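Work through these exercises with the model open beside you. Try each task before you read its solution.

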Amino acid sequence: MTQPLQYAVFGHPIAHSLSPKIQQMFAQQCSIELAYRAIDVAPEAFAATVREFFARGGAGANVTLPHKAAAFALAAEASASARRVGTANVLTRRADGTLAAHNVDGDGLVRDLAERHRTDLRDRDVLLLGAGGAARGVAWALLDAGAQTLTIVNRTAATADALVDAIGEPARVHARYWQDLASLGSYDLIINATSAGVLGADLQLPPSLVGSRALCYDLTYGPAAVAFLSWARAAGARYAFDGLGMLVETAADSFALWHGQRPDTEPVYQALRAGG
Ligand code: ATR
């Protein structure tokens, strides 16, 4: 009997990852047999553990916090989106045994917004809260999708400035101070890319940020997204969404890189939403 193809997600912590379940649902849909497991590895052991996984026949891996920068550094080759972000969330083994890195976070967000939530980014002024790894992962893709302007606000101003400089589009992309949030006016698309929800910390956002047709989106899902989405609804947002759809879309992009076909994400998204 031949072994099924081996895949994994590396993270720390990783116990509650939905990725194994999502990949198995996609595999079933596409009649592909595969093994996909969650591997908890501390940062100091990441590189050696990943190398061993691939040396023993691993075909592909997802990488999540806190290893995305280390994953990028491990790869011999990287896609354009991984290079500009400087991190990777997908690794694939190439024929010569070396690794290729991809970052599909930004495309996953844009696809969830455009296809699931029917949001055309082309006439949007976007407010991006946070300038850490999650914010970097989506900033370029929002601009590629046509966002009219991107305003990046971070508690630590220097990090927002550095991201704005790295993007290098001064006509469309600006940094503003966190303490000036109340005087910024309103936005039609507000993306929470801070880790405040994950950390259980208070974000303290003024309701004046929320425009009358605003869509507010948290890149996290589950309990971590609750505080931001409650704030958004109380502030009058027309729509408030968590990042579950983005997770499913990025998983589908990973699957497509590994198997050459993109599964239908909607039944998987609906099953997860229903708690299945
Ligand atoms: P991630 O990979 O989840 O983005 P990160 O790179 O550590 O994690 O970035 C966390 C982001 O959340 C940062 O923008 C951080 O702001 P600072 O650069 O000032 O640290 C932001 N953040 C975390 N807790 C926050 C809070 N309570 N209020 C506002 N911003 C917060």
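The model is predicted, so local features need pLDDT of at least 70 and side-chain atom pairs count only at pLDDT 80 or more, while totals for chains, interfaces and linings use all residues. Residues are numbered from 1 along each chain as its sequence is written, and side-chain values use heavy atoms, with hydrogens and water left out.

**Exercise 1. Trace the sheet and find what packs on it.**

Step 1. Helices (H or I, at least four residues) and strands (E, at least two) are DSSP runs, numbered from the N terminus. Two strands pair if DSSP finds at least two bridges between them.

Step 2. Read the order. Six strands make an open, mixed sheet: β2-β1-β3-β5-β6-β4.

Step 3. Inspect one pair. β1 (residues 5-11) and β3 (residues 58-63) run parallel, joined by five bridges. Here Gln6 is opposite Gly58 in β3.

Step 4. Contact means heavy atoms within 4.5 Å. Axes are lines fitted to C-alpha atoms, for helices over the stretch in contact; angles run from 0 to 180 degrees between N-to-C directions.

**Exercise 2. Locate the two domains.**

Step 1. Domain 1 covers 5-103 + 247-273, and domain 2 covers 106-242. These bounds come from an automatic or database domain assignment.

Step 2. Relate the two. Their C-alpha centres lie 25 Å apart. In the contact, 13 residues of domain 1 meet 14 residues of domain 2.

**Exercise 3. Describe two helix pairs.**

Step 1. Take α5 (residues 105-116) and α10 (residues 244-259). Their axes come within 8 Å and cross at roughly 120 degrees. The two are therefore oblique: angles under 35 degrees count as roughly parallel, over 145 as roughly antiparallel, 65 to 115 as roughly perpendicular and the rest as oblique.

Step 2. Sort the contact of α5 with α10. Its residues are two nonpolar, three polar and seven charged. Ala, Val, Leu, Ile, Met, Phe, Trp, Tyr, Cys and Pro count as nonpolar, Asp, Glu, Lys and Arg as charged, and the others, Gly among them, as polar.

Step 3. Take α6 (residues 133-144) and α7 (residues 157-167). They pack at about 40 degrees, axes 11 Å apart. α6 and α7 are therefore oblique too.

Step 4. List the partners. Ala135, Arg136, Ala139, Trp140 and Leu143 of α6 meet Leu163, Ala166 and Ile167 of α7. That makes seven nonpolar, no polar and one charged.
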